[in-house]
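Good morning, and thank you for making time for this. Please look at the sequence and the structure before I start.

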Amino acid sequence: MSRTILIIKNDIKRRLKSPLSTLLFLIIPFAMTALIGLIFDPGAGGETKLPPIKVLLVDLDQNIASKFFIGAFDQKQLKDMFQATTVSENEGEKLMKKGKASAMIIIPERFSLDLADQKSVRLVVVKNPSEEFLPAVVEEFADTMAVGFSALAQIFADEIKIIKLVGNTSLEKISFAELTPFLEMSRVKIMAIKKFLSPLRIGLKTSVMAKPGQVSKAKGFNIFAYILPGMLIMFLLFIVEASMREIQSERADGKIRRMMFSPLTTHELMLARIFSGWLLGLLVCSLAMAMGALVFGIDWGDYFWLFILVAVTCFWSAAFFGMLNAFFRNKNQAGALASPIILVSAAFGGSMLPLEQIPSSMRWLAGFTVNNWFITGCREIGAGAIPLVSYGVLLVSGLLFGLVAVMALQRRLTT
Amino acid sequence: MQPPILEIKNLSKAYDHGKNPALVNFSLGLNKGEVLGLLGPNGAGKTTLISILSGTLRDFSGSVVFKGMDLFADRQLRNQIGIVPQEMAFYEELGAMENLMFWGGLYSIPEKELKKRAQDLLALVELSSRAKEPIKKFSGGMKRRLNVAIGLIHQPELLLLDEPTVGIDVQAKVSILDIIRQVGLQGTTVVFTTHQLAEVEQTCSRIAIMDKGIILAQGTLNELIRIVGEKDIVIVSGEFSADRFSDAIKPLIHNDIEILSITDNEAHLAFANSEGIPGMMQHLFQQHVSLADLKIKSPNLEAVFLKLTGRSLRD
Ligand SMILES: Nc1ncnc2c1ncn2[C@@H]1O[C@H](COP(=O)(O)OP(=O)(O)O)[C@@H](O)[C@H]1O
Ligand SMILES: [Mg+2]
């Protein structure tokens, strides 16, 4: 045991002595958060990488404001993001029950008229309960739209009164596209005064199909809280793998041979290596999560349970890659095989695509990835729960891998 | 006489599922306090031997007895052996002192004692003044010296060095060989491998020549030289192919002239009587073999090596 500690101490000393490589690892979380910011920052005009989200629109109003709203989904940018279908309320409910769409937005009756009267109105967002991520995006979007409509209604209060004059006559002729230049012009004005608009004329009422009546907090969704864990676990795997590859280089440059000549045993060595990888992963992960909280305002939930999750995930990663590197013949083999393993597990485990969007026929594969357990663990903690299943799965499989790693290293070092 | 400290018997090891033999019934005895030079060209099996002795290579046959006990049955026994691998096996980002403390620490030597030993060793390898510098900044020779020092930190009774002088300049080599001699004088038994003749000639109390996994000859320098006898070694060079030279020299081969080796453009011959040299030159001239140079040397280890292996010992 004292020899294990000696190696760990030596590793830490080395990391401190050549801070550049360690810094490089630590920079990754920063680069990662910056990257996410770039991709998803609407101000940068970047395209979201998500495939179109299926949305059902129910127009009970059938008036100018609702046409406006529905017309908005025909806009080019929004078309890339949403695949909107206008349906009747009955039809919509049926489709939602079948899980055919991520969310349904209901524009209530008198939406236009109430807006014209400066009364508070509500958009109703019905979310698909089996999905978490995509409905939340719809909700976020509807929220933004509501703010925009609110603004319009207040700034153009007089003009909107036309609605009342026109009454219920058909307004098919007015298209959203024709009005776009006008909207564009007033956008600056809208943005500037947005914060003075209060109270908002349009509220957002959210409900989840399975549990009617439960209204989620309008501000509860943070898109980064959904994206960061997935990216983080993928980068974490790369980082820990790179540090576990030390097993290979130390074997190649004779250090392990020299160690094996001393009383040091293979399990002492493997234990030290796993601990070092764990420590590095923990550092990187904590840093990235702190960045997420500071930069993107992510509310991770209880930090104690989060720490436990990060700790077991890092342990799993170190043990797993310790095992692979003990199996691998040399550094090249490790380099060639580790990356595909990480990428495949990222693809099936929810790092590249949100778990909800993985076709259900392949969804079961997620259970075999560390990504899945980490991501769902983060979500559960964020929702105020304790992810006992994630803890259990990661800890047990991590211990197993650690054990196999010791045996594999023993074989590798003596043949 | 004392029993040997190390006795290797019929050690055989083949790589690639037996297709590539590296050691073939290799046997060697070693007496306490000896400095043995194991001389062999690249691929002779030197590193394979050291790896087996260090316990990092399995699937071999044969036995190794160290101090009267089976070396592989007892891990603690192996801890009494020091190894200096062919590679620079230490942490380059750390200093020399830090490395010695780490590697010594693996042997659970008390810290105070360890520190003293480390200082003594740094003095031995002349690195005391640069003990704290990161090793990255060291020259090749300094790194080699530290590599030796680390192998000695636990005061082993037997020190194995695998090509400790490879890839460094002449001066650095001299200094390494000097260290090896000093270690030998302090009573440590030493085996070092090399493919450089001059090194074993200067350093060792005993020399073993190996090639293709077996020992071809062993003994003191003088004993080995007697293998080629009291002959003059003639090295001729010129514009000729190995085949051409072989054909041309064939009629002259009798007891007085012996072929040690023939390669393109160079041939080594042993003459029992140097009076035969002009006759040989004349014969070659008649055969239209043009010679550019001819050297005559007294018998040396190189000649022994050539005779035993039929090939030259170059990097
Ligand atoms: N890991 C290995 N796998 C397959 N063949 C090897 C391996 N190591 C050495 N060999 C072969 O075994 C022979 C002896 O190699 P080695 O012991 O390294 O020689 P030396 O150290 O004297 O140069 C060579 O033919 C070499 O190609
Ligand atoms: Mg070698």
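I will go through confidence, then a sheet and a helix, and end with the cysteines.

This is a predicted model, in which local features need pLDDT of at least 70 and side-chain atom pairs count only at pLDDT 80 or more, while totals for chains, interfaces and linings use all residues. Residues are numbered from 1 along each chain as its sequence is written, chains are lettered from A and ligands numbered from 1 in the order in which they are written, and side-chain values use heavy atoms, with hydrogens and water left out.

Confidence in chain A is lowest in helix 9 (residues 176-194), at a mean of 45, and highest in helix 14 (residues 303-327), at 95; helices (H or I, at least four residues) and strands (E, at least two) are DSSP runs, numbered from the N terminus. Where pLDDT is low, the predicted coordinates should not be read in detail.

Turning to chain B, we find an open sheet of 4 strands in the order 12-13-11-14, with antiparallel pairing, where two strands pair if DSSP finds at least two bridges between them. Strand 12 and strand 14 (291-297) of chain B stand at the edges with a single partner strand each, so one side of each has no neighbour in the sheet. Between strand 12 and strand 13 (residues 266-271) of chain B there are 6 bridges in the antiparallel sense, and B:S261 has B:H268 in strand 13 as its bridge partner.

Which residues of helix 8 (residues 221-228) of chain B are buried? They are B:L224, B:I225 and B:V228, where buried means under 20% relative accessible area and exposed over 50%, with partly exposed in between (1.4 Å probe, protein chains only). On the face turned away from the buried side of helix 8 of chain B, we find the exposed residues B:N222 and B:R226. Just after helix 8 of chain B, B:G229 takes a positive phi of about 75°.

Finally, the cysteines: a search of the whole structure finds 0 disulfides over all chains, a disulfide being a pair of cysteine sulfur atoms within 2.5 Å. A:C285 counts as buried, at 1% relative accessibility, and its sulfur is 4.8 Å from the closest cysteine sulfur, in A:C314, which is too far for a bond.

Key. pLDDT is the predictor's confidence in each residue, from 0 to 100.
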